[in-house]
Amino acid sequence: MFVCTPVIINKPLHQVFSHRVKFSVLLLILLICFSVTFSVRAQTGIVKGRVTESGTSQPVELANVMIENTDRGAVTNERGEFIIEQLMPGLVNIRISCVGYKPKTVYEIEITNGKPQNLNIELEPASQELSTVEITASPFTKNEESPLSVRTIGTNEIQRYPGGNRDISRVIQSLPGVGFTASFRNDILIRGGGPSENRFYLDGIEIPNINHFATQGAGGGPVGLINVDFIREVNFYSGAFPANRGNTLSSVMDIRMKDGRDDRWGGTLTLGSSEFAASMETPLNKKKSATLIASVRHSYLQFLFQALKLPFLPTYTDAQFKVKWKITPKDELTVISLGALDQFKLNLKANETENQRYLLGVLPEQGQWNYTIGAKYVHLFNNSYLQVVISRNMLNNFFYKHPNNNRSLPRNFDYSSLESENKLRIEHTGRFRNWKYNYGINYEYARYYNRSEFRTPVTGDTITIPVNFESTLALHKYGLFGQLSRSLAKDRLLLSFGMRIDGNTYNRSMRSLANQLSPRISLSYAITEALKININGGYYHQLPPYTLLGYRNPANELVNRNRITYMRNAHAVAGIEYAFKWNARISAEGFYKHYFNIPFLLNDSVSLANLGGNFGVVGNEPGASTSKGRSYGVELLYEQKLYKGWFGIIAYTLFWSQFEDIRKKDYAPSAWDTRHIISLTGGKKFKKNWETGARWRIAGGAPYTPFDIAASTSLYAWPYNRAGVLDYRRLNSERLDWFHQLDIRITKRWYFKKWSFELYLDVQNLYGFAPDQTPNLIVKTDANDSPVPDENRPGFAQYSLTKTRNRSIIPTLGFVVYY
């Protein structure tokens with residue numbers, strides 16, 4: 001795989017194509033001509049896989065697996081396996097049916113000559129009343145535990161997404177209820193919640209974050225960490241969370257990885273203007289019962305940013321692998337690992353403009369590394385399976401700042417921390433008659449270390465004493481969970497009830513399991529075969545970040561120990577949906593979330609729920625679990641799966657997100673309260689393997705908190721703060737302008753006898769919209785970098801409020817070689 005990665009261009013559209021881009025275009029035209037000349041559409045594509053029963057993982061024998069709108073297909077054997085050979089390359093839908101099971105359609109499976117497509121398909125049993133009746137397949141399958149607020153995204157949808165930049169966090173922004181910001185960050189904001197309220201699982205193994213340069217205590221960042229070529233599908237829950245997925249308030253992202261090739265060795269290479277990547281996959285033994293898939297990526301963004309004269313130079317490296325071993329027909333072991341190394345340095349030569357000098361004055365130098373490694377063992381019984389998951393993850397984060405970036409001077413602040421978690425989860429899933437059950441236990445041992453030297457922001461006319469502390473914290477966390485689901489009334493009614501309880505050893509309140517009961521219930525009723533109503537209610541708990549739990553005062557006391565407890569969220573959802581015969585559906589869902597026990601940060605006098613959208617650390621200060629909030633709204637969705645070449649999603653969300661202000665008497669808009677979210681995404685497959693797609697995103701203006709001018713421009717304060725101090729007495733009282741952006745993608749594929757070639761053009765922000773940004777407060781300084789006094793305001797400095805609006809057009813030219 002070779003990909004020309006994005007370049008940010010702050011120029012009018014007619015100036016976008018530099019000599020380098022023109023050369024690339026000429027080279028790609030020559031490649032097209034070469035490819036067209038030698039294109040061969042051989043029928044050597046293969047689809048194979050295994051069909052199992054949902055809830056028991058038992059093989060389904062005699063299931064019909066058919067390529068939609070063709071006569072090509074196969075029947076599964078006693079191990080549930082099938083293979084379909086001699087297929088024409090291209091995108092197909094596959095329909096699976098079997099007596100006694102609900103049929104299922106898997107969409108947009110890409111057939112290539114160079115690599116067999118390997119599928120793992122689960123079928124849900126039909127009720128006994130319908131076990132001999134032919135059932136119409138729905139294009140939108142549901143699981144019993146979560147009949148609403150869940151979306152499934154396939155690998156082809158992720159890779160072709162306009163403006164997605166091969167990042168799953170950006171791809172889900174087309175879904176209803178998913179917010180986004182006007183910055184280049186990809187924070188996951190779900191139904192008015194913050195970026196710290198989400199949980200991620202990779203093949204059932206929890207990973208703490210999925211971004212490079214992650215904000216500690218929140219999780220968001222600018223660049224995705226997961227190689228999307230490894231993703232098979234993503235189940236994204238914005239509500240109705242299964243009981244075995246805890247410690248979340250807003251969403252669960254369940255990512256399922258592909259297995260490595262079991263026929264031969266294969267690999268890809270990626271080379272672009274900002275990163276180099278290599279990946280490989282291979283069988284590990286002669287029996288082909290064990291496979292490996294692995295990749296490594298390294299960026300050299302610092303050279304690009306240096307050329308663009310940006311004041312910061314980020315670089316990152318990541319590695320990922322998965323080993324799957326089919327030990328016996330009833331025993332399976334999966335091992336995964338994911339790790340990253342990030343560095344963020346300053347470009348001191350980029351100091352020509354006022355904005356460059358401001359950024360150099362406030363941005364710290366930063367480094368971060370993290371990893372997750374885990375193993376999952378599965379043993380099959382007759383009508384159930386046992387799953388044991390163990391994992392370990394670590395995060396090391398440090399940053400510091402010298403006054404005027406002069407390394408000979410003592411640092412203004414110096415922060416270093418380490419988080420580690422060792423996890424065990426055991427669960428048993430199965431079916432008994434018409435009941436599906438899941439129950440289990442989980443245990444974690446967590447350690448946290450923090451060394452902090454900093455001054456709190458100065459707001460008066462005297463300098464505060466520096467805050468220096470070193471903290472260690474050890475926690476034992478534990479939980480129990482269970483869920484029962486059943487279909488009734490000839491599968492027209494679906495009921496599910498779940499419960500989980502959690503605790504830890506941080507303090508007496510959280511030690512008691514009875515204080516953290518998390519019940520949930522779901523109901524889905526089919527009025528007709530196409531029309532359904534869905535309802536869910538739940539009460540969820542989430543542990544505050546370690547930065548808050550481990551904070552100590554200068555006397556080395558855990559000052560938050562008796563003031564902090566689990567964050568809580570009561571979440572209710574109701575919706576209706578109608579499925580059309582042309583693989584489409586329309587739905588409407590209303591939601592209400594009420595937040596309790598959200599930490600209120602005492603130094604900044606703001607709820608933790610408003611923070612997490614910037615780099616650095618969130619929660620490293622005194623706090624108390626006293627803040628409340630609410631988020632409510634309605635989501636409208638039209639979704640079209642691949643049908644006669646067309647696909648698309650139209651989503652609109654109207655919502656309110658509010659948390660208590662400093663007076664704790666009134667609700668103020670949260671930092672995520674854009675009020676309106678509109679996403680229009682669609683595309684068309686044409687003949688000769690051409691494909692086009694476009695995405696148009698629109699959002700209301702995000703609230704922001706203005707500066708406290710007096711505190712920010714104090715002659716005493718500025719040398720220590722070097723940045724504006726926010727006035728939380730006017731929390732989020734200002735709003736940015738509306739945001740909108742159009743992204744397009746054009747793709748052409750060629751299929752050869754043993755390999756295939758893909759060429760694409762992706763352009764983000766096609767018409768060069770310049771989004772509104774929060775202002776920067778810049779104090780005027782003299783030649784010695786000292787603040788210039790304001791004659792009209794004794795004791796204060798001269799200042800200006802500036803806004804930067806960049807018309808960033810981001811074109812990506814790339815090609816992919818599969819072999």
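Two strands are said to pair if DSSP finds at least two bridges between them, and strands themselves are DSSP runs (E, at least two residues), numbered from the N terminus like the helices (H or I, at least four). With these terms in hand, an open sheet of 3 strands can be picked out, with the order β6-β3-β9 and mixed pairing. Its edge strands are β6 (81–87) and β9 (117–123), each of which pairs on one side only. Neighbouring strands of this sheet are turned by 20 degrees against each other on average, direction ignored; here axes are lines fitted to C-alpha atoms, for helices over the stretch in contact, and angles run from 0 to 180 degrees between N-to-C directions. Strands β3 and β6 run antiparallel and are joined by 5 bridges. Gly49 has Phe82 in β6 as its bridge partner.

The model is a predicted one, in which local features need pLDDT of at least 70 and side-chain atom pairs count only at pLDDT 80 or more, while totals for chains, interfaces and linings use all residues. Residues are numbered from 1 along each chain as its sequence is written, and side-chain values use heavy atoms, with hydrogens and water left out.

Turning to the whole chain, the secondary structure comes to 9 helices and 48 strands. The radius of gyration (taken over C-alpha atoms) is 27 Å, close to the 28 Å that the globule rule (2.2 Å times the number of residues to the power 0.38) gives for 819 residues, so the protein chain is as compact as a globular protein of that length. Along the principal axes, the C-alpha atoms fill a box of roughly 85 × 65 × 50 Å. Of the 819 residues, 58% count as buried, where buried means under 20% relative accessible area, exposed over 50%, and partly exposed in between (1.4 Å probe, protein chains only). Among contacts (heavy atoms within 4.5 Å) with a separation of 6 or more, residues 24 or more positions apart account for 67%.

The interior comes next. A nonpolar core is a set of buried Ala, Val, Leu, Ile, Met, Phe, Trp, Tyr and Cys residues joined through side-chain atoms within 4.5 Å. The largest such core has 35 residues, and those with the most contacts inside it are Leu473, Leu475, Tyr506, Leu549 and Ile598. At least two residues of this core come from each of β27 (435–454), β28 (467–488), α7 (546–549) and β33 (584–601). Apart from it lies another core, of 33 residues, among them Val171, Ile190, Ile255 and Val389. Leaving aside neighbours within four places in sequence, the contacts of Ile598 include Met567, Leu608, Ala624 and Phe659.

Charged side chains complete the picture. A search of the whole structure finds 47 salt bridges, each being a side-chain nitrogen of Lys or Arg within 4 Å of a carboxyl oxygen of Asp or Glu. In one of them, Lys48 and Asp262 bring their closest N and O atoms to 2.8 Å. This pair links distant parts of the chain, 214 residues apart: Lys48 lies in strand β3 (residues 45–53), and Asp262 in the loop between β18 (251–257) and β19 (266–271). Lys48 counts as buried, at 19% relative accessibility. Glu206 and Arg199 also form a salt bridge (3.6 Å, N to O), and both residues are buried. In the salt bridge of Asp727 with Arg730, the closest N and O atoms are 3.1 Å apart; Asp727 is buried, with a relative accessible area of 7%, whereas Arg730 is partly exposed, at 37%. Finally, a network of salt bridges links Glu110, Glu691, Arg745, Arg749, Glu758 and Asp762.
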